[in-house]
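Welcome! Take a moment with the sequence and the 3D view before reading on.

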Amino acid sequence: MPEKVYFAPIEGSVREFNFEGKLKKLFSAAGLDKVFSPDELVAVKIHFGEKGNTGHIAPKHTGYIINEIRRRRGKPFLTDTTTLYRGQRGNAVDHLALADEHGYNFRNCGAPLVIADGLRGQSGVAIKIKGKHFRQAHIASEFAHADAMITLSHATGHIGTGFACALKNLGMGCASRGGKRAQHSHMRPQADRLKCTACGECVKWCPENAIKLVKKKKKVAQINAKKCIGCGQCFSVCRFSAIEFDWGNMGRDLQERIAEYALAAAAALGGKVGYINFLTRITESCDCMGIDEPRIVPDIGLVAGRDPVAVDAASYDLIAERNGDVFKELYPDFEVRDQFTHAEKIGLGTSKYKIIKV
Ligand code: SF4
Ligand code: SF4
């Protein structure tokens, strides 16, 4: 039996698209109002965007969802977790200041902000799962203390998985720092001596001080594999494509690990989770990139449902139907459907869906 996925297409100009009205309709049609009861604490999981990022979901649109929760007497709060890499989201204080700078505050959105894994990303709870890679997952503690969750996910490309949306927001985005490390622990990059210009950017961003510039025939970056935690930040910041991962097995493993953490995050909330995907402002990289990236395809619309695998599979297909498989072209080393296949296998949901237009 295919899972119902609700889709509000942007058919004309995005300026004329009624985000408020469509989000309201999607919220009811997809049964997101059934996810929580009056007086329950409802986490609204979002990515506030790295400093300089312009693709993240607009605070105004987030506010429309908050209104729907409040109208039904739920108690919403906006939330995300700290990152592994150096940036403006590495601790709760910097993260909250950046969120405010990007327009996420009580005034614009109608809800308080809570960083779910504590001041320095230290607060997590262990959730038992039966996965191929993990028997327990470290989920940011406030998700386990919330009563329900609505995830707002931005569909983008991704350097480590090819495509990122609800599964990534749930799996990586709800993990504590320990959980994020565990998901990345198998990944080890290498610096290409011929391409490296010794600009030092990767040295500056590496959270573990695992990279040094060393003098061989010329000065080049050298990565200490024992210190490296596989966060991928050096890969993201190198403008000379000098950092390489062997994505063959690493890419599939990362997708599977994220799917297992997504299973744990949903379990931490007792399955009381609803999903809204934004197929708008679609960029090559995720919102962790602190730059104003060009949009790679026209805006497509909004997708909602109760099954994270179905909403992601539908989102991926809707983008591909209109634009060809852009993510495969951008990231030929990845088979994006690996994440859906593994998520299905571990019982997180189904990639068989039926689209219902609203
Ligand atoms: S960012 Fe790239 S080019 Fe610059 S030092 Fe690091 S590997 Fe070399
Ligand atoms: S060397 Fe390892 S820890 Fe440092 S930025 Fe690169 S992937 Fe992350």
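G230 is buried, because its relative accessible area of 0% lies under the 20% limit. In this predicted model, G230 belongs to the loop that runs between β12 (219-223) and α9 (233-237). Leaving aside residues up to four places away in sequence, G230 touches H184, M187 and R188. S185 lies 45 residues from G230 along the sequence, yet their C-alpha atoms are 5.8 Å apart in space.

Next, take a step back to the domains. The domain assignment gives domain 1 (3-183 + 248-357) and domain 2 (190-244). Taken over C-alpha atoms, their centres are separated by 30 Å. Where they meet, seven residues of domain 1 are in contact with 13 residues of domain 2. About 880 Å² is buried between the two domains, and carbon and sulfur atoms give 58% of that area. On the domain 1 side, R86, I159 and R181 together supply 61% of the area buried against domain 2, more than any other three residues.

How many salt bridges does the rule find across the interface of domain 1 and domain 2? There is one. R181 forms a salt bridge with E208, with the closest N and O atoms 3.0 Å apart. The domain 1 residues that touch domain 2 divide into four nonpolar, one polar and two charged.

Side chains of opposite charge can pair when their charged atoms come close. By the rule used here, the count comes to 19 salt bridges.

| Pair | N to O distance | Relative accessible area |
|---|---|---|
| D80 and K45 | 2.9 Å | D80 3%, K45 1% |
| E244 and K195 | 3.5 Å | E244 36%, K195 39% |
| R322 and E321 | 3.6 Å | R322 44%, E321 59% |

D80 counts as buried, and K45 is buried too. E244 is partly exposed, and so is K195. In the last pair, R322 is partly exposed, whereas E321 is exposed. Elsewhere, a network of salt bridges links D33, K34, E68, R71 and R72.

One last stop is helix α13 (residues 337-345), whose buried residues are Q339, F340, H342 and A343. Just after α13 comes G347, which takes a positive phi of about 90°.

How values were computed. Residues are numbered from 1 along each chain as its sequence is written. Chains are lettered from A and ligands numbered from 1 in the order in which they are written. This is a predicted model: local features need pLDDT of at least 70, side-chain atom pairs count only at pLDDT 80 or more; totals for chains, interfaces and linings use all residues. Side-chain values use heavy atoms; hydrogens and water are left out. Domain bounds come from an automatic or database domain assignment. Contact means heavy atoms within 4.5 Å. Buried area is the accessible area (1.4 Å probe) that two parts lose on being put together, summed over both. A salt bridge is a side-chain nitrogen of Lys or Arg within 4 Å of a carboxyl oxygen of Asp or Glu. Ala, Val, Leu, Ile, Met, Phe, Trp, Tyr, Cys and Pro count as nonpolar, Asp, Glu, Lys and Arg as charged, and the others, Gly among them, as polar. Helices (H or I, at least four residues) and strands (E, at least two) are DSSP runs, numbered from the N terminus. Buried means under 20% relative accessible area, exposed over 50%, partly exposed in between (1.4 Å probe, protein chains only).
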